[in-house]
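Hello,

Here is the structure I promised to pass on to you. Please have a look at it first, and then read my notes below.

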Amino acid sequence: METTILFAPLLGAILCGFGWKLIGEKAAQWIATGLLIAELDGVPRKRWWPILLSCGAGSFAATSLFGFGLWAALPLVFINMAEAVLALILMRALLGEEKPLESVESLAMFVVSAVIVAPAITAFG
């Protein structure tokens, strides 16, 4: 199960890359970040590094092959991984042990941290 989840961000990154090319490189949704946030939320922080490294490799491959190319792949790996980690740290700080979909308030905190704050901060990376 864990191996399947580790490959999901690569699949998301590849799909996002194809979408990026199809819409004329104007805008794209980074599908893999949501999958990465969900995966990291389910494991202790000590076990984040292998997951981040494998997802980073998927991000690098997708950006190199389908996105901006090799020159932008490495900086975007760090930005994308930082966005997921920052979103999760913010969510945990705001929600504690409550899960994001348990109440309207927790959903709002999820949106604030994962959809607004983390992407806004990493957009300047």
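Leu94 sits in helix α4, which spans residues 70-95; helices here are DSSP runs of H or I with at least four residues, strands are runs of E with at least two, and both are numbered from the N terminus. With a relative accessible area of 45%, Leu94 is partly exposed (buried is under 20%, exposed is over 50%, and partly exposed lies in between, with a 1.4 Å probe and protein chains only).

Before I go on, please keep in mind that this is a predicted model, in which local features need pLDDT of at least 70 and side-chain atom pairs count only at pLDDT 80 or more, while totals for chains, interfaces and linings use all residues. Residues are numbered from 1 along each chain as its sequence is written, and side-chain values use heavy atoms, with hydrogens and water left out.

Leu94 also belongs to a nonpolar surface patch of about 600 Å², together with Leu101, Leu107, Val111, Val112, Val115 and Ile116. Patches are built from residues with over 30% relative accessible area and no salt bridge, joining like charges within 9 Å and nonpolar side chains (Val, Leu, Ile, Met, Phe, Trp, Tyr) within 5 Å. The areas come from the Shrake-Rupley method with a 1.4 Å probe, and for residues only the protein chains shown count as cover. Helix α5 (residues 104-122) contributes the most to this patch, with five residues.

Next, the packing of these two helices. The axes of α4 and α5 come within 8 Å and cross at roughly 145°; axes are lines fitted to C-alpha atoms, for helices over the stretch in contact, and angles run from 0 to 180 degrees between N-to-C directions. From the α4 side, the contact involves residues including Ala87, Leu90, Met91 and Leu94, and from the α5 side residues including Phe110, Ser113 and Pro119. Contact means heavy atoms within 4.5 Å.

Apart from neighbours within four places in sequence, Ser113 is in contact with Ala87, Leu90, Met91, Leu94, Ala118 and Pro119. Glu83 is 30 residues from Ser113 in sequence, and their C-alpha atoms are 9.9 Å apart.

Pro100 is placed in the loop between α4 and α5 and is buried, at 15% relative accessible area. Not counting residues up to four places away, Pro100 touches Met91, Leu95, Ser106, Leu107 and Phe110. Its C-alpha is 5.7 Å from that of Phe110, ten residues away in sequence.

Met81 lies in α4 and counts as buried because its relative accessibility is 11%. Between Met81 and Gly56 there are 6.8 Å in space, C-alpha to C-alpha, and the two are 25 residues apart in sequence.

A search of the whole structure turns up one salt bridge, defined as a side-chain nitrogen of Lys or Arg within 4 Å of a carboxyl oxygen of Asp or Glu. The side chains of Asp41 and Arg92 form it, at 3.7 Å from N to O. Asp41 is in helix α2 (residues 31-41) and Arg92 in helix α4, so the pair ties together parts that are 51 residues apart in sequence. Arg92 is partly exposed, with 26% relative accessible area.

Finally, the whole chain. The protein chain has five helices and zero strands. Of its 125 residues, 34% count as buried. Among contacts between residues at least 6 apart in sequence, 55% join residues at least 24 apart.

Best wishes
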